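Hello! Here is the structure I promised to pass on to you. Have a look at it first, and then read my notes below.

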Amino acid sequence: MFSATDLYIGGQWVPSSSGKRFDVENPATREVLATVADAGIADARAAAAAAAEAAAGWRSTPPRVRAELLRAMFEEMISTADEIAELIVAENGKPFGDAMSEVEYAADFFRWYSEEAVRVPGFLSESPSGARRIMETSQPVGVALLITPWNLPAAMITRKIAPALAAGCTVVVKPSSQTPLTALHLALIAEKVGIPAGVINVIPTTTDVEVVGDLIAEGPVRALSFTGSTRVGSQLLAQASARVLKCSMELGGNAPFIIFDDADLDEATAGAVVAKLRHNAEACTAANRFLVHRDVYDAFIDRLTSAFSRMVIGPGTDHGAQIGPLASRSALDSVNDAVAAAVSHGARAVVCGSGPANGYYFAPTILLDVLPGAAVLQHEMFAPVATVVAFDTEEEAVALANATDMGLASYVFSADLSRALRVADQLEAGMVGINTGVISDPAAPFGGMKHSGIGREGGRHGLSEFLETKYIAVKW
């Protein structure tokens, strides 16, 4: 089933220089799926060297040719979507339906940036004095190091690879050691459609700190794109500052989901379910804190409890499953500890269902009677746990929503569009959904404020993260 388990460097499938390998676990069964080559510093340097060697050729490749190759990646991903989705389910645990949605979303980044590759910005104008022409051109940054997490093992990679390649950059991809098989499969697709050797290199590793630290400290890497925790992101920024690397950071979230008294509660509940539970609730855009107007609090809780209780819990391979296992033992232990701590401080847990005994399952849970300053509200819950807090006024709702260091996504439900837009303007978040629980789109900028990161992925902004602007003065 797993045809790619070695490193992909310079267009070749190679074992690690040390010969070391590591196990990849199925979170639904806790069984070993495959063993994967474990890259060390020497392998990482080889990957960066291969990317540097391929850089000039890829940069000079006509934009239309690069665009067609990206389009071919899209077509191949869509035509083999079932196969990729099954791979995601096996190593990540999410339900098959969510995995299929991820594959379609992931593939669409290649389609979007195949269209943007031929629209790299440039500008020509006359200087105010009339003595020269101001010429602005865009050039690829160079070799880009892409570090991706385990929660969306396809989409988090394509959201970085597609704009990097469209801009003319070559890349070294360091996927999560929890979900390396999807990343390696994407390299197989790149090889199949004819992406030149060295343009994409994939190096799974269990020694992230050493390998990434070495790539940042020296060598040809000129750009760093990271998706993961704020703690790790801030450490990487500190390391990258020594060489002034161009950095893009998509970090943690703690999304508020605000429901006003005039909201359509059925619509709000449907939005809450998708915003909280899709991808096993292991998404940085997941609704984390439900802020509900006191007048509709009880009615919403009744609807949310009913909706959560109807969710089918089971292995992602069961196509009827809606909630699969969490991705790892550490993830399960973490959410158990967080819920237990909340309950010990007065919260009331409403557990909706139960999962199989084997695997890392956690049933959808609603935490009620949570005080506004509770610790559980300060941290991102990568699990199907919804904390609910009542509010009385619009000003209070905004204050509660902004009472966090994070600022990635927010959601607002109200029948009054004027109020919804007014609140959205005040929310300290890079993305706001109004009367919708789904906000991600390859054509839209994805990113946050405050400790949720810097830079944007997706849309036109995603391309600019891999471009440098050059000014050329032409005497006239």
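**Salt bridges and a sheet**

Arg419 is buried, with a relative accessible area of 15% (buried means under 20%, exposed over 50% and partly exposed in between, using a 1.4 Å probe and protein chains only). This is a predicted model, in which local features need pLDDT of at least 70 and side-chain atom pairs count only at pLDDT 80 or more, while totals for chains, interfaces and linings use all residues. Residues are numbered from 1 along each chain as its sequence is written, and side-chain values use heavy atoms, leaving out hydrogens and water.

What does Arg419 pair with? Its side chain meets that of Asp262 in a salt bridge, 2.9 Å from N to O (a side-chain nitrogen of Lys or Arg within 4 Å of a carboxyl oxygen of Asp or Glu). Asp262 lies in the loop between S12 and helix H9 (265-277) and Arg419 in helix H13 (residues 417-426), so the pair ties together parts that are 157 residues apart in sequence. Helices (H or I, at least four residues) and strands (E, at least two) are DSSP runs, numbered from the N terminus. Asp262 is partly exposed, at 29%.

The structure holds 20 salt bridges. One of them joins Glu75 to Arg71, with the closest N and O atoms 3.0 Å apart; both residues lie in helix H2 (residues 63-79), about one turn of the helix apart.

Now find strand S12 (residues 255-259): 5 bridges join S12 to strand S13 (residues 287-293), and the two run parallel (strands pair if DSSP finds at least two bridges between them). There, Ala255 stands opposite Ala287.

Enjoy exploring!
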